[in-house]
Amino acid sequence: MILPTDHDSQEASSLDLGAALLDEPRAVSGCWKRARRNPSFGAFARFVLALDRLFLLEAIDLEAGLIRRRAA
């Protein structure tokens, strides 16, 4: 799910899940290790989808092998 609905919580939306991972710059493997602890993430494919959406929205950048939030 991309956005929360009447039947699903905001915490389960892929945008919220992706944003929760990036409190500090991390490698993709570090983000995935952290994401696996959250049962809302489910499979690796959902994790990648969340990162893809954040990148397309220009909310994250990849610099020197680290994913980081883009400055506002």
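**Exercise 1. Characterise the largest pocket: state its volume, its lining and the classes of its lining residues.**

Solution. The volume of the largest pocket is about 160 Å³. A pocket here is an open set of points on a 1 Å grid over the protein atoms alone, where a 1.4 Å probe fits, with protein on both sides within 12 Å along at least five of seven lines; lining residues have an atom within 4 Å of a point. The volume is the space filled by probe spheres set on the points, which are joined across faces, edges and corners.

The model is predicted: local features need pLDDT of at least 70 and side-chain atom pairs pLDDT 80 or more, while totals for chains, interfaces and linings use all residues. Residues are numbered from 1 along each chain as its sequence is written, and side-chain values use heavy atoms, leaving out hydrogens and water.

Step 1. The lining consists of Val28, Phe44, Phe47, Val48, Leu51, Asp52, Phe55, Ile60, Asp61, Leu62 and Ile67. Two or more of these residues come from each of helix 3 (44-56) and strand 1 (60-63); helices (H or I, at least four residues) and strands (E, at least two) are DSSP runs, numbered from the N terminus.

Step 2. Helix 3 contributes the most, with six residues.

Step 3. By class, nine lining residues are nonpolar (Ala, Val, Leu, Ile, Met, Phe, Trp, Tyr, Cys, Pro), two are charged (Asp, Glu, Lys, Arg) and none is polar (the others, Gly among them).

**Exercise 2. Determine which residues form one aromatic cluster, and describe the ring pairs.**

Solution. Step 1. Three aromatic pairs are found in the whole structure. Rings of Phe, Tyr and Trp (its six-membered ring) pair if their centres lie within 6.5 Å; planes under 30 degrees apart are stacked, over 60 edge-to-face and the rest tilted.

Step 2. The ring centres of Trp32 and Phe44 are 5.0 Å apart and the planes stand at 90°, so this pair is edge-to-face. It links distant parts of the chain, with Trp32 in helix 2 (residues 28-36) and Phe44 in helix 3, 12 residues apart.

Step 3. Phe44 also forms a tilted pair with Phe47, at 5.5 Å centre to centre and 40° between the planes. Both residues lie in helix 3, three residues apart, about one turn of the helix.

Step 4. The cluster therefore comprises Trp32, Phe44 and Phe47.

**Exercise 3. Classify Trp32, Phe44 and Phe47 as buried, partly exposed or exposed.**

Solution. Step 1. Buried means under 20% relative accessible area, exposed over 50%, and partly exposed in between (1.4 Å probe, protein chains only).

Step 2. Trp32, at 18%, is buried; Phe44, at 42%, is partly exposed; Phe47, at 0%, is buried.
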